[in-house]
Amino acid sequence: MGYLCIDLGATKTLIGLYGDEGEEVQITEKPTDHFIEQMEQVLGEITHRANIEKVAVGSAGPMDEENLRVFPPNLDMDYLDFSEGLEGYGEIILLNDCNAGAVGEYVYGEHSAENLVYIAFGSGIGGGVIEGGRLLRGWKGNFAEVGHMKVGDRFECGCGGKGHWESYCSGDNIPMVAEEVIGRKYDDTKEIFDDYHKGDREVKELLEMVCEHNAIAMSNIIDVYNPELISIGGKVALEHPEIFLEEPKEQISGNINDIPEIRKCDLKRRSTIYGLRAICTGDHELQ
Ligand SMILES: [Zn+2]
């Protein structure tokens, strides 16, 4: 008996194997493309065909949670169907990865709140909302796709839209914004932040624009979801809190709702997998 929790990221996938008391047996990291291609084999090697009672999967959306399918725009296929790859592993639960992250922070975070919004800045931007202790899930499991909120009228988003928060401020998009705004080619966000820390004036102005759009989006989140706590996670934000947390926090103003506490998440890169574990073990019940 035991549980399997799978945090399917854009480039890396975390696979957690837990015993029947929820104790961590093993956490394995695999490249996501390898995991998708070899799902049965990878999971067979991890579980040794042990009896798994439940599997919880956290993935970027959009998704159809009931039919266990995800349709992320960055995927090289029409959709990914977990009912095929996970056949024989007991009950399968599919959740948006940032919705699961909100559950992780709510249940196990040191700084929790009954009304919280979790936001993760990675290759994209995702969110999850706990309202009165309950995860809001929406139609087909697609609640709080905050990354696709319109915050401006520039830059193409991976979803095909324009001016979305993600198109201004996500790890994958900041290099494209840099090329368009200051005409420089960067391979990744890290190189941009290296220039920023060297005091490059153009890069500083570019990142001021990122801060400003983070503040616009967070202001919208405060007025729409009315949280007591905004918990910020994801690799990009955890590495550069000044651009994704501290400075935007200073710029939030003019809201009808009270400004909540805004802070780094407590579980670092493990919010999603902890949330999936909470759902498997019953530490959090989905409603
Ligand atoms: Zn979009």
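This is a predicted model: local features need pLDDT of at least 70, side-chain atom pairs count only at pLDDT 80 or more; totals for chains, interfaces and linings use all residues.
For comparison, the ideal angle for four tetrahedral donors is 109.5 degrees.

H164 is buried, with a relative accessible area of 12%. C159 is partly exposed, at 39%. The cut-off for buried is under 20%, so H164 falls within that class. C159 lies between the 20% and 50% limits, so it counts as partly exposed.

## E166 and its surroundings

E166 lies in helix α5, residues 165–169. E166 is buried, with a relative accessible area of 13%. Leaving out residues up to four places away in sequence, E166 touches G124, I125, G147, H148, C157 and N173.

The C-alpha atoms of E166 and V146 are 8.4 Å apart, while the two residues are separated by 20 residues along the chain.

## The five-stranded sheet

Five strands form an open sheet with mixed pairing. Their order is β3-β2-β1-β4-β8. β3 (24–31) and β8 (91–96) stand at the edges. Each has a single partner strand, so one side of each is left without a neighbour in the sheet. Neighbouring strands are turned by 15° against each other on average, direction ignored.

β2 (residues 12–19) and β3 run antiparallel and are joined by seven bridges. Within this pair, K12 has P31 of β3 as its bridge partner. Helix α2 (residues 39–47) packs on the sheet and touches β1 (2–8), β2 and β3. The direction of α2 makes about 35° with that of β2. Helix α4 (residues 97–108) lies across β1, β4 (54–59) and β8. It runs at about 95° to β8.

Strand β12 spans residues 229–233, and five of its five residues are buried, so it is largely enclosed by the rest of the structure.

β12 has parallel pairings with β9 and with β13. Strand β9 (residues 116–121) is joined to β12 by five bridges. Strand β13 (residues 261–264) pairs with β12 over four bridges. S231 takes part in both pairings: Y118 stands opposite S231, and R263 is its bridge partner in β13.

A hairpin of three residues joins the two strands. A120 has G126 of β10 as its bridge partner. Strand β10 (residues 125–131) is mostly covered, with six of its seven residues buried.

β10 pairs in turn with strand β11 (residues 134–135), antiparallel and over two bridges. E131 has R134 of β11 as its bridge partner. These strands form a hairpin with two residues between them. In that turn, G132 has a positive phi of about 60°.

## Helices α7 and α10

Helix α7 (residues 189–197) packs against helix α10 (residues 241–251) at an angle of about 60°. Their axes are 13 Å apart. F193, Y196 and H197 of α7 make the contact with E242, I243 and F244 of α10. By class, four of these residues are nonpolar, one is polar and one is charged.

D195 is also found in α7. Is D195 buried or exposed? At 16% relative accessibility, D195 counts as buried. Leaving out residues up to four places away in sequence, D195 touches R184, Y186, D200 and V203.

Key:
Residues are numbered from 1 along each chain as its sequence is written. Side-chain values use heavy atoms; hydrogens and water are left out. Buried means under 20% relative accessible area, exposed over 50%, partly exposed in between (1.4 Å probe, protein chains only). Two strands pair if DSSP finds at least two bridges between them. Axes are lines fitted to C-alpha atoms, for helices over the stretch in contact, and angles run from 0 to 180 degrees between N-to-C directions. Contact means heavy atoms within 4.5 Å. Ala, Val, Leu, Ile, Met, Phe, Trp, Tyr, Cys and Pro count as nonpolar, Asp, Glu, Lys and Arg as charged, and the others, Gly among them, as polar.
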